[in-house]
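Here are some notes to read beside the structure. Please keep the sequence at hand while going through the points.

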Amino acid sequence: MRGVAVLGSTGSIGRSTLAVLARQRDHFRVVALTAGRNASLLDAQRAEWSPVFAGLVDGGAASTLPGGPEVLIEAATHPSVDIVVNAVVGAAGLDATLAALRAGKRVALANKESLVMAGELVMEAVRLGGGELVPIDSEHSAVLQCLTGHGGSLDRLILTASGGPFREWPAERVAAATVEEALRHPTWSMGAKITVDSATLANKALEVIEAHFLYGLPYDRIDVVVHPQSIVHSMVEFVDGSVLAQLGFPTMELPILYALTHPQRLPDAGVPRFDPVGAGSLTFEPLRAAVFRTFGAGVAAGRAGGTAPTVFNAANEVAVAAFLERKLSFARISDTIEAVLDAHAPQPAVTLDAVRDADHWARARAHEELS
Ligand code: NAD
Ligand code: MG
């Protein structure tokens with residue numbers, strides 16, 4: 001029995017994680033649960049799972065549970081926890097990722113923002129803490145599944161992208177897209193922030209940076225291709241030119257289970273079995289970088305290195321929040337991110353202070369752009 005902490009248990013990935021764990025009660029037990037502010041759903045989850053620890057980060061005065069950002073650290077480093085599922089959204093997930101890795105835990109990482117904002121520190125924490133970092137993101141899970149048993153001969157990654165809801169829209173229509181339109185993702189049902197990231201294709205830039213740190217590949221060996229059906233979750237090319245891909249109907253429950261069991265697998269009757277005829281035609285096309293400029297800005301930030309990806313992530317978080325609050329047009333999301341990155345002189349990102357300074361600077365600078 002392995003002990004699991006689910007950080008962000010009330011979100012999309014958090015709820016999918018508990019759905020997976022409900023079918024694997026012989027192998028895992030839930031030790032800790034944390035949520036941001038959804039007290040009623042967390043109460044229901046506590047009643048079902050009886051965790052040893054539960055925390056509500058933003059509970060306010062009415063809450064009787066432990067609160068504040070420290071609850072993430074407490075859950076992530078709890079002695080009975082073996083695996084930390086980090087399903088928090090945004091920069092708020094970083095400290096828990098670092099703390100869990102330093103405590104030698106396996107981190108099943110959905111919170112890609114922690115790896116983008118502090119990739120060098122996170123990978124150092126893996127090396128020094130003796131823990132493991134296993135991705136939940138479907139593309140990175142696909143890569144890991146293709147690589148497992150084939151170490152040492154990787155040449156190139158081809159990450160797939162659905163293309164989002166505006167894949168075929170003319171540029172002018174994309175520029176004026178509404179919140180409702182951006183939240184209508186064609187193939188995946190996810191939290192609001194990542195759904196907007198998928199519409200701007202910022203999500204794919206975050207994933208390229210995530211792949212760079214996870215698999216230690218230079219940026220010119222990480223390609224992206226648009227695949228609207230979301231059936232091929234990514235591809236791996238080896239030194240001899242052979243390509244392996246991982247396929248399945250879109251569900252996050254499979255990559256979540258794999259992040260818990262890697263390198264082994266467990267039977268799971270809850271995931272829809274693949275049917276190639278049902279999947280129909282699989283198509284691939286180039287990403288329209290001239291329309292989705294946030295993608296290029298993010299990859300350029302990754303290539304620049306140091307604090308540039310930290311700044312990209314922070315500016316994106318501020319711009320997306322403003323868009324969701326209807327204070328910023330869709331077109332101005334990329335304008336804002338580009339302006340903040342243009343004003344930034346990247347520094348080495350080898351200390352937490354340097355990362356925090358860059359994150360704070362970028363948020364303040366992005367707010368100036370908005371006003
Ligand atoms: P979500 O908004 O549905 O859930 C976020 C969770 O984090 C909630 O439980 C919320 O209470 C908690 N939370 C929010 N702010 C917090 C804070 N400041 N401190 C502590 N907890 C806080 O988001 P999601 O779609 O589940 O995404 C979670 C992460 O997983 C993101 O990093 C996202 O990029 C990544 N991801 C999601 C999917 C998906 O299918 N949803 C796929 C791949 C990767
Ligand atoms: Mg993904």
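How many bridges join strand 7 to strand 8?

1. Five bridges join strand 7 (residues 154-161) to strand 8, and the two run parallel. This is a predicted model, in which local features need pLDDT of at least 70 and side-chain atom pairs count only at pLDDT 80 or more, while totals for chains, interfaces and linings use all residues. Residues are numbered from 1 along each chain as its sequence is written, and side-chain values use heavy atoms, without hydrogens and water.

2. Helices (H or I, at least four residues) and strands (E, at least two) are DSSP runs, numbered from the N terminus. Two strands pair if DSSP finds at least two bridges between them.

3. Four strands form an open sheet in the order 8-7-9-10, with mixed pairing. Strand 8 (222-226) and strand 10 (243-247) are the edge strands, each pairing on one side only.

4. Helix 17 (residues 352-370) has 19 residues. Its buried residues (under 20% relative accessible area, 1.4 Å probe, protein chains only) are Ala354, Val355, Ala358, Asp359, Ala362, Arg363 and Ala366. Seen down the axis of helix 17, they fall within an arc of 165 degrees (taken from the directions from the helix axis to the C-beta atoms), so they line one face of the helix.

5. On the other side of helix 17, Asp353, Asp357 and Glu368 are exposed, that is, over 50%, with partly exposed in between.

6. The buried residues of helix 17 pack against several helices (contact means heavy atoms within 4.5 Å), including helix 4 (94-102), helix 15 (308-324) and helix 16 (330-342).

Methods
Chains are lettered from A and ligands numbered from 1 in the order in which they are written. The expected span of a helix is 1.5 Å times one less than its number of residues.
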